[in-house]
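Hi,

Here is the structure I promised to pass on. Have a look, and then read on for what turned up in it.

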Amino acid sequence: MNQMQNKNNAGLRFSRKAVWRCILGLIIILFGIFVYRLNQVDKTELVVRTGQTFEKAEVTEILQDNLEDNGTRVGEQKVRVRMLTGVRKGEELEITSSSGYLFGAVCKVGMKVIVMQSVAGNTTIASVYTQDREWVVYIFAALYLLALCAIGGRQGIKGCIGLVFTFFCVIFVYLPMIYRNISPFGSAVFVCFITTLVTMYMIGGATRKTIAATAGTVAGVVIAGISAQLFSMASGITGYNVSDIETLMTLWNTNGIQVGGLLFSGLLISCLGAVMDVAMSVCSSMYEIYNQNLAMSRAQLFKAGMHVARDMMGTDSNTLILAFAGSSVSMLLLDYAYDLPYQQIINSNNIGIAIMQGLAGSFGIVLSVPLTVLICTVLYHGKIVRKNS
């Protein structure tokens, strides 16, 4: 009798898993179709680049250097390169490389560079755009993913998949949605929800813990966005006060893109990782606490969750503020070096934006803690908490 019942239970579990996998497969297919259709856009040509390409080349000879006696570089180098790609592949060209910090490169024999060239018939106009660093990017990214997998094991592999999926969503979902004139704030919330759900599912599976962590993360991210909007209304700082607004206005004039909302939508994505970390940590801790003592009342479980969460809240808020401060260190150094008056600094747009980003993100972390603890209390209490529940 017991064997028959065990077989029936096993068959029921297998049936549920099969149904769940079918549903999951259908969701993946629908999401793939959605992403494909979303990216079918005709982009407005903002700059005419007819005949202009960026190709790989190798420096074979320095014809004229621009190194001065005092160690500085003035003007440009004249170099000979062998083209590795493009219509001039295999040919050697004599081109220039400027000494600027943003464009050009300090060329050496054997260096791989990117050449910006324009070809019209037998005439070629070319110059060194920058050093070829494509494989450096790929190698360091691969080393990071390998380290994550080696140290994290199975969970590290899942983390890699979640990271790749997040990057995929930002490039192929978030940006196309904004380009299609969809609200930047709404686009960011949607992307945050999708990436959080997938990441949490990869880590915790289809469990109450995953549901609680996802809900807490989305709530924290939305709170951060609302905090930024309130700061904007009170201080007069908007998305039109950013340093590259003149270039962004071209997109508004040509495509009607809501560039003013990019500042706030970018804030949501920036603080997503920190809020996600807090939410999952809180959910995991409360899961273990309640699993050790199922007799706890709701009030006791909530109180225990808050005790654990306060330490996480303090450190993650510090991390987020330091991250935004670190991204503004060049601006802070210039303000310090020029000895600008305090009233000029505290009321400048750039400082205001940096402060808004740090504080709004921290608001999201702080206020997501009690919400996540409350969600966990409701979902966990009174349930039989098993390993995968």
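At what angle do H2 and helix H3 pack, and how far apart are their axes? Helix H2 and helix H3 (residues 184-204) pack at about 165°, and their axes are 9 Å apart. (Helices are DSSP runs of H or I with at least four residues, strands are E runs of at least two, and both are numbered from the N terminus; axes are lines fitted to C-alpha atoms, for helices over the stretch in contact, with angles from 0 to 180 degrees between N-to-C directions.) That makes H2 roughly antiparallel to H3, a term for angles over 145 degrees.

Before going further: this is a predicted model, in which local features need pLDDT of at least 70 and side-chain atom pairs count only at pLDDT 80 or more, while totals for chains, interfaces and linings use all residues. Residues are numbered from 1 along each chain as its sequence is written, and side-chain values use heavy atoms, leaving out hydrogens and water.

Another helix pair is H4 (residues 208-235) and H6 (residues 262-292), packed at about 145° with axes 7 Å apart.

Now for the charged pairs. The structure holds five salt bridges (a side-chain nitrogen of Lys or Arg within 4 Å of a carboxyl oxygen of Asp or Glu). One of them joins Arg82 to Glu58, with the closest N and O atoms 2.8 Å apart. Arg82 is in strand S2 (residues 76-83) and Glu58 in strand S1 (residues 52-64), so this pair ties together parts 24 residues apart in sequence.

Finally, Val137 lies in H2, which spans residues 134-179.

Enjoy exploring!

Notes: Angles under 35 degrees count as roughly parallel, over 145 as roughly antiparallel, 65 to 115 as roughly perpendicular and the rest as oblique.
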